[in-house]
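Reader: Could you take me through this one slowly? I'd like to hear what stands behind each label.

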Amino acid sequence: MKTKTSSTELLPQVILSLATLPLLVFLSLAQTLAQILTEMGQGSEEIFRGDRLPILHLRKVKDQNHN
C-alpha cells in the first residue's frame, strides 16, 4: 500500500535540501578565507622580524649638542 505524502510533510525536506548546498559553499569559503588570513599574518610577521631589518648607526645626542 502506498501512503499519500501531503505537502506539509514534504516542505521541510525541500527546504533542507535547498539549504544544504549554500551552507556547504559558505563553510568552504570560510575555511579558505581563514587559511588566506593566516598566511597573510605569517607573511607580515616575516616582514617585521628583527633579524631582517637593517642596522641603523645613529649618532649620540651628546655629540650633536656640544659642537
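**Surface and helices**

Author: Let's start with the surface: the chain exposes about 7200 Å², and carbon and sulfur atoms supply 64% of it. Areas like this come from the Shrake-Rupley method with a 1.4 Å probe, and for residues only the protein chains shown count as cover. This is a predicted model, where local features need pLDDT of at least 70 and side-chain atom pairs count only at pLDDT 80 or more, while totals for chains, interfaces and linings use all residues. Residues are numbered from 1 along each chain as its sequence is written, and side-chain values use heavy atoms, leaving out hydrogens and water.

Reader: Why is Phe26 called exposed?

Author: Exposed means over 50% relative accessible area, buried means under 20%, and partly exposed is in between. Phe26 comes out at 55%, so it counts as exposed. Phe26 lies in helix 1.

Reader: And why does Ser44 count as partly exposed?

Author: Its value is 32%, so Ser44 falls in the partly exposed class. Ser44 also sits in helix 1.

Reader: What makes the span of helix 1 agree with what it should be?

Author: The expected span is 1.5 Å times one less than the number of residues. For the 41 residues of helix 1 (residues 7-47) that should be 60 Å, and the end C-alpha atoms are 60 Å apart, so the two agree.

Reader: What does the side chain of Ser44 reach?

Author: The backbone oxygen of Gly41, at 2.8 Å. A polar contact is a pair of N or O atoms within 3.5 Å; within protein, one must be able to donate a hydrogen and the other to accept it, and residues adjacent in sequence count only if both atoms are side-chain atoms.

Definitions and conventions: Helices (H or I, at least four residues) and strands (E, at least two) are DSSP runs, numbered from the N terminus. Buried means under 20% relative accessible area, exposed over 50%, partly exposed in between (1.4 Å probe, protein chains only).
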